[in-house]
Amino acid sequence: MEQNAKWLALAATVAMLALSVQMFFAFDLNASGYQMVVDKKWVTIDQFELRYALGVDGLSMPLVLLTTCLSVASVLVSFSITKRPRAYFACLMLLVSSVVGVFVSLDFLLFFLFWELELFPMFLLIAVWGSGRKEYSATKFVLYTIAGSAFMLVGILTLAFAGDTFDIRLLSEEGRIADPLIPLGWVFFFLFIGFAVKLPIVPLHTWLPDAHGDAPTAVSVMLAGVLLKMGGYGLIRMCVTMLPDQAAEWDVWFAAIGAFSVLYGAFITLRQTDVKRLIAYSSVSHMGLVLLGIGALGDTGLTGAAYQMLAHGLITGLMFVMVGLMYERTHTREIARLGGLARQMPLITTGLVFAGFGSLGLPAMAGFIAEVTVFLGAFERFEWAVLASILGVVLSAGYVLWTLQRVVFGPVKHDWDGVTDAHHWWEHTVVVGLVALVILLGVYPAIMMDMLEPAIDSIMVRVES
Amino acid sequence: MNGIDLVGPQFSVLATAGIVLLVDGLMPGHRRHLPFIALLGLAVSALWTLSWVSRDSFPQKDVFGGTLSLDEYAVFFYFLFAGIGATVVLASIDWVNREGRGQGEYYALLLTTCAGLMFLSAARDLITIFLALELSSIPQYILAGWGKDKRSSEAGLKYLLLGAIASAMLLYGMALLYGVTGTTMLSEISASLQANGEQYRALLVLAMVLLIAGFGFKMAVVPFQMWVPDVYQGAPTPVAAFLSVGSKAAAFAVVTRIFFEGLGADFLSDDWSMIFAIIAAVSMTLGNLMAVVQTDIKRMLGYSSVAQAGTFLIGLAAISVPGERFDLGGSGILLFTASYAFTNLGAFVAIIAISQKIGSDQIRDYAGMWKRSPLLTVGLAFLPGVPHRHPTNSGFWAKIYIFNAGVRADLLWLVVIGVLNSVVSGFYYLSVARQMFLGEAEDEKTISTSPSIAVALGAATLGVLVFGLIPMPLISAAESAVDALRTVS
């Protein structure tokens with residue numbers, strides 16, 4: 001019986017994936033605004049009419065697809081879980097649904113509902129199924145997010161009182177937000193803190209390496225792949241679209257914090273000895289580019305930021321999958337102990353090399369398109385930030401290649417004689433699927449760009465007015 | 001409706017109390033059926049109330065010479081008290097069986113209190129209010145001292161003494177009010193004050209302060225909260241659960257009625273609004289800060305209930321201005337009362353089940369509870385802790401509602417304090433949750449839950465979740481109740 005849980009979870013996530021692919025094909029690229037909207041009355045509190053409103057636009061549709069793809073991947077990599085599998089998959093399913101909910105909510109309070117709902121399964125997944133100082137890491141993760149979302153809730157309520165609605169569509173309209181209880185600069189700051197903790201930015205990032213280091217593989221995949229994107233999505237959807245004037249005042253800070261995160265993350269990555277913490281810090285570095293792209297406040301910059309979220313989700317997801325498979329076999333993540341694994345694990349090595357190349361921005365991979373777009377978008381306004389970030393990208397080439405050299409190449413270590421390569425069908429499926437997606441987004445970016453651009457354009461109309 | 005029909009819900013509860021005593025005395029072999037008789041009585045009471053609502057003659061706002069008002073407002077609380085009573089009866093079964101003595105008396109006293117609370121929520125006359133208050137309080141004093149240990153006796157005595165002082169203050173306030181207006185009927189008091197009350201302003205403020213002090217004791221707000229942690233800790237846990245939701249809800253019901261209907265005159269309302277606002281701010285802050293440092297879970301819930309009472313008071317402070325804002329503040333209080341009842345009862349039920357097995361109320365003894373009883377842990381961790389932060393919980397909507405009322409009544413500073421306090425409260429609930437999920441249990445034995453506890457916990461959880469995801473029915477009930485209150489005057 002216990003083993004049936006994974007099949008049920010797989011069926012559910014595959015169904016979600018199939019539905020989201022169907023949505024992708026049904027998506028009308030020429031229409032503006034939200035599509036496939038579900039809009040039901042939910043709660044009325046005096047002047048507020050809260051709605052159970054869901055829908056996608058060009059910005060959220062790709063993120064929904066990313067989430068469903070990575071959900072299937074994280075279920076597959078969890079196939080070997082033996083500890084309380086039913087509770088495990090239940091938590092994973094709750095996590096997946098709340099993340100999708102965040103991306104498709106059109107009501108700010110509903111968005112907040114999903115945003116906070118994700119904490120509960122994440123806490124348990126790390127604290128119960130993790131390794132190392134798992135309880136400490138899980139608590140730290142929850143405390144950081146709760147602290148951030150307390151700020152966010154204040155921001156949400158103030159915006160709602162000022163705009164007399166919680167509807168994201170209405171709040172994004174020009175001239176809707178008038179007469180705020182506290183200055184809008186503060187509201188912007190509160191929302192920014194809430195999202196920035198999730199993104200994360202330096203110096204609010206310290207929960208991320210801990211959480212990644214101690215989380216089980218599938219949770220790392222979800223965390224790096226989609227949970228961080230909730231922060232970027234929130235920044236674009238809420239901060240920039242609802243409060244464009246404040247965003248324009250803050251853009252230099254966005255660029256500066258973004259560039260600093262890129263550089264700082266890259267430097268710290270060089271010093272890591274644990275593979276998962278290393279990837280976590282490289283995530284900090286890559287998510288800095290998202291902030292830089294948003295700070296540019298232009299078509300190209302925002303598109304780049306959104307694309308970087310997709311690329312990073314797939315590439316880092318792939319990387320955590322590979323490291324997870326390796327850890328399952330070697331039971332260590334210490335770089336110094338690994339080495340020469342290319343012989344014993346050719347397939348895992350290939351996957352890791354693909355992920356590494358994607359991470360350092362090799363052309364024909366998704367990361368390259370994203371980085372170039374961000375740099376193009378930001379260069380005109382923040383030359384210095386782009387130059388600093390390019391240095392960060394150069395460093396990333398350094399740490400990726402150096403890590404690959406230490407972990408999979410070099411002399412064969414006899415400690416690892418007899419370890420097996422990835423040999424289950426589910427492992428093969430995940431690796432092949434994710435590598436294919438990374439390359440697809442690298443050679444045919446239009447598949448997502450066509451969707452992102454109209455959405456970004458309509459945000460820019462709001463920003464420029 | 002004839003006389004007996006008008007007090008039908010209370011009558012059926014009181015009659016059941018008598019039946020329980022008779023069965024206990026005459027048919028000792030049937031003692032184990034006592035709680036079910038009590039549940040039946042409460043169900044009859046709820047059904048009776050339900051039958052009123054469906055009748056054309058409902059509501060009747062002037063019955064028994066205007067001493068009771070049977071309107072949507074009273075009905076809202078009738079249902080609430082029947083529900084609270086039923087949950088507490090379910091949660092008591094194990095404890096009472098183990099205690100072994102005075103089973104009939106225990107349930108009879110509990111039912112009597114419920115009847116008193118129902119009268120309290122319908123009363124529109126100072127004398128009736130006082131009688132109803134005593135009818136509900138005296139059994140509670142006895143129940144608080146029901147346990148065999150010294151702690152429980154101390155709790156009972158403390159509750160009795162402080163309760164007596166509070167009643168005295170209340171009576172003095174009522175006497176002053178009567179002296180100024182020459183009547184005990186709330187509606188006449190209001191008319192008299194509007195006509196020529198302003199010249200007695202000083203006297204009225206004194207009366208008001210005394211009333212707030214008297215009811216403040218029942219509402220458990222700072223500075224009348226000193227009994228709360230001791231009594232919660234010492235009293236039998238089911239009784240503590242009842243005190244924390246039942247008597248608090250009734251106190252808010254009657255305070256809202258008295259102050260809006262009786263003392264709503266413009267020259268007074270600003271004063272009491274300010275008093276309530278200040279008490280609210282102090283209660284929330286002090287309650288939460290004290291809760292953070294507690295090591296006993298019942299004391300922690302005690303202080304947290306003080307903090308929550310502060311949140312109720314934001315609603316009271318916001319009703320001072322008649323009209324739209326009154327609706328908001330008033331229905332916010334009702335909404336909060338109901339969701340607070342669900343969450344706190346659920347938490348207490350879980351504590352009852354756990355402490356029966358581990359024999360301790362220390363938070364550190366809850367370590368690793370997740371492995372021992374997932375059901376109870378989830379109940380305890382998520383019923384009281386999540387409410388104030390998450391929209392799947394009815395408490396969240398109540399808070400939004402009350403904060404909205406505060407903002408609209410220009411009490412922004414108070415709302416800011418309220419929001420900050422919600423954050424603080426998150427931390428101590430989280431620390432209990434952390435202990436339960438992550439702590440190392442000394443004893444790995446699983447804790448089984450009896451069916452009655454499971455039903456009680458399930459009902460509370462269901463209430464929280466259902467009204468969290470679909471809060472509209474509760475919100476409209478609260479709104480129509482408050483509408484009724486406004487049209488009375």
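Predicted model: local features only at pLDDT ≥ 70, side-chain atom pairs only at ≥ 80, totals over all residues.
Asp410(B) is found in the loop between α17 and α18 of chain B. Its phi is positive, at about 60 degrees, although Asp410(B) is not a glycine.

A positive phi of about 60 degrees is also found at Asp164(A), again a residue that is not a glycine. Asp164(A) lies in a loop of chain A, between α6 (134-163) and α7 (168-171). With 16 other C-beta atoms within 10 Å, Asp164(A) is partly exposed, since the partly exposed class falls between the limits of 12 or fewer for exposed and 20 or more for buried.

Cis peptide bonds were found in each of the two chains discussed. In chain A, a cis bond joins Leu199(A) and Pro200(A), with omega about -15 degrees. Pro200(A) is found in the loop between α8 (184-198) and α9 (207-214) of that chain. In chain B, the peptide bond from Val222(B) to Pro223(B) is cis, and omega is near 5 degrees. The loop that holds Pro223(B) runs between α9 (201-219) and α10 (227-234) of chain B.The overall dimensions of the chains were then examined. The secondary structure of chain A comes to 19 helices and two strands. For its 465 residues a compact globule would have a radius of gyration near 23 Å, and the 21 Å computed for chain A agrees with this. Taken along the principal axes, the C-alpha atoms of chain A fill a box of roughly 70 × 55 × 40 Å. Buried residues make up 61% of the 465 residues of chain A. Among contacts in chain A between residues at least 6 apart in sequence, 79% join residues at least 24 apart.

Chain B comes to 20 helices and two strands. The radius of gyration of chain B, 21 Å, is close to the 23 Å that the globule rule gives for 489 residues, so chain B is as compact as a globular protein of that length. The C-alpha trace of chain B spans about 70 × 55 × 40 Å along its principal axes. Of the 489 residues of chain B, 61% count as buried. For contacts in chain B between residues at least 6 apart in sequence, the share that joins residues at least 24 apart is 80%.

Within chain A, the packing of helix α3 (residues 85-104) against helix α5 (residues 119-129) was examined. The two helices of chain A pack at an angle of about 145 degrees, and their axes are 9 Å apart. The crossing in which α3(A) passes α5(A) is left-handed. On the α3(A) side, the residues that meet α5(A) are Tyr88(A), Cys91(A), Leu92(A), Leu94(A) and Leu95(A). Their counterparts in α5(A) are Pro121(A), Met122(A), Leu124(A), Leu125(A) and Trp129(A). By class, this contact has ten nonpolar residues, with no polar and no charged residues.

In chain B, helix α13 (residues 297-318) has 22 residues, which at 1.5 Å a residue should span 32 Å; the end C-alpha atoms of α13(B) are 32 Å apart, in agreement with that value. Helix α13(B) is mostly covered, 22 of its 22 residues being buried.

Leu143(B) is found in helix α6 (residues 126-144) of chain B. With 28 other C-beta atoms within 10 Å, Leu143(B) is buried, because the limit for a buried residue is 20 or more. When neighbours within four places in sequence are left aside, Leu143(B) is in contact with Leu109(B), Leu110(B) and Val239(B). The C-alpha atoms of Leu143(B) and Ser305(B) are separated by 19 Å, the two residues being 162 residues apart along the chain.

Between the chains, 20 residues of chain B are in contact with 17 residues of chain A. Three helices of chain B, namely α17 (394-408), α18 (412-438) and α20 (472-488), each supply at least two residues of the side of chain B that touches chain A. The largest share of that side, seven residues, comes from α18(B). By class, the side of chain B that touches chain A has 14 nonpolar, four polar and two charged residues.

Terms used
Residues numbered from 1 in each chain as written. Chains lettered and ligands numbered in written order. Contact = placed C-beta atoms within 7 Å. Helix = DSSP H or I, 4+ residues; strand = E, 2+ residues; numbered from the N terminus. Nonpolar A, V, L, I, M, F, W, Y, C, P; charged D, E, K, R; others polar. Rg over C-alpha atoms; globule rule 2.2 N^0.38 Å. Axes fitted to C-alpha atoms, helices over the stretch in contact; angles between N-to-C directions. Left-handed = near helix turned anticlockwise from the far one by under 90°. Expected span 1.5 Å × (residues − 1).
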